[in-house]
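Subject: Structure for your files

Hello,

Here is the structure you were waiting for. Notes on the cavities and on one helix follow below it.

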Amino acid sequence: MTELLIIADPALMAERQGWLAALAGERRLSDNTLEAYERDTRQFLAFLTEHIAAPASLKDIEALRPADLRGFLAARRRDGAGARTLGRGLAGLRSFLRHLERKGLANAAGATAVRSPRQPKSLPKPLSDRQAIAVVDAHEQLAEEPWIRVRNAAVLALLYGCGLRISEALSLTPADFAGSPASLRITGKGGKTRIVPLITPARTGVEDYVELCPYPLGEDRPLFRGARGGPLQPAIIQREMQKLRGALGLPDSATPHALRHSFATHLLAGGGDLRTIQELLGHASLSTTQVYTGVDSARLLEIYDRAHPRA
């Protein structure tokens, strides 16, 4: 189907153009998202025009049924579109229909009733143990100032050595490390608290940072500071990790969060119990831990058989 073919009547096309302009001006969506929404709605209107054998109009949009949208998604799937593409396309159509609904020109309930395609679960890509150890080594850090090198290493060591999220590591205070504790009390998502062991290399890394940090560290203030003394932002660590990827020849999947994946995967490979790893990560569901560690169903059953008292 070429661009010269009519995909909708002028009134509907004008509304569509106004919606795209509003997205660009008011919501400031990225160029890539705008291009995707333009393409997805164009494809839908072309499908609808072919479906009803006439240029799609605002009345046709008002009369849309969930079956019409499911038919479009099925056609796109036959053309080879994957679940992510279909999900994005449905999101764009919902946005367009809500725009028309606010103007009294359509009802978006039909689009809301259509379930988004189930997205495939992509397994995390942990680093090898050798790569992870290099990343958390203070001597491998690339910052010029020694205190920033040890700061970065300490943060990364907490992600890999304790399985912390970056937000959890950056919310720690000096009080959390008072008395050289053997474990940390971490408040994670949803305010859920868990206890994680503090391994010696991670604790030593924090101690090295505290010794060199040029700013006063109040007990209840953030432990990790930026170059100007304010709270350290996650983006700084993410940028440092990006530099390390280039310096150490690591793949693009080597992110701060990949260190948390690596913590879980390496524990499991060393004989760790999946239930315990779930608790250390602060996952509400065992299935989330299963995805994190790449455990297949056969391995999961093997772990249950070995650990369950009634197995």
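The largest cavity has a volume of about 40 Å³. A cavity here is a set of points on a 1 Å grid over the protein atoms alone where a 1.4 Å probe fits but cannot get out, and lining residues have an atom within 4 Å of a point. Grid points are joined across faces, edges and corners, and a volume is the space filled by probe spheres set on the points.

This is a predicted model: local features need pLDDT of at least 70, side-chain atom pairs count only at pLDDT 80 or more, and totals for chains, interfaces and linings use all residues. Residues are numbered from 1 along each chain as its sequence is written, and side-chain values use heavy atoms, without hydrogens and water.

The search of the whole structure gave two cavities of 30 Å³ or more. Residues lining the largest cavity include Asp-40, Phe-72, Arg-76 and Leu-90. H5 supplies the largest share of that lining, four residues. Helices are DSSP runs (H or I, at least four residues), numbered from the N terminus.

The second largest cavity holds about 30 Å³ of space. Among the residues around it are Arg-165, Glu-168, Lys-189 and Leu-281.

Helix H8 (residues 146-162) has 17 residues and spans 24 Å from its first C-alpha to its last, close to the 24 Å expected at 1.5 Å a residue (1.5 Å times one less than its number of residues). H8 is largely enclosed by the rest of the structure, because 15 of its 17 residues are buried (under 20% relative accessible area, 1.4 Å probe, protein chains only). Just after H8, Gly-163 has a positive phi of about 70°.

Regards

How values were computed: On a 1 Å grid over the protein atoms alone, a cavity is a set of points where a 1.4 Å probe fits but cannot get out, and a pocket is an open set with protein on both sides within 12 Å along at least five of seven lines; lining residues have an atom within 4 Å of a point. Helices (H or I, at least four residues) and strands (E, at least two) are DSSP runs, numbered from the N terminus. Buried means under 20% relative accessible area, exposed over 50%, partly exposed in between (1.4 Å probe, protein chains only).
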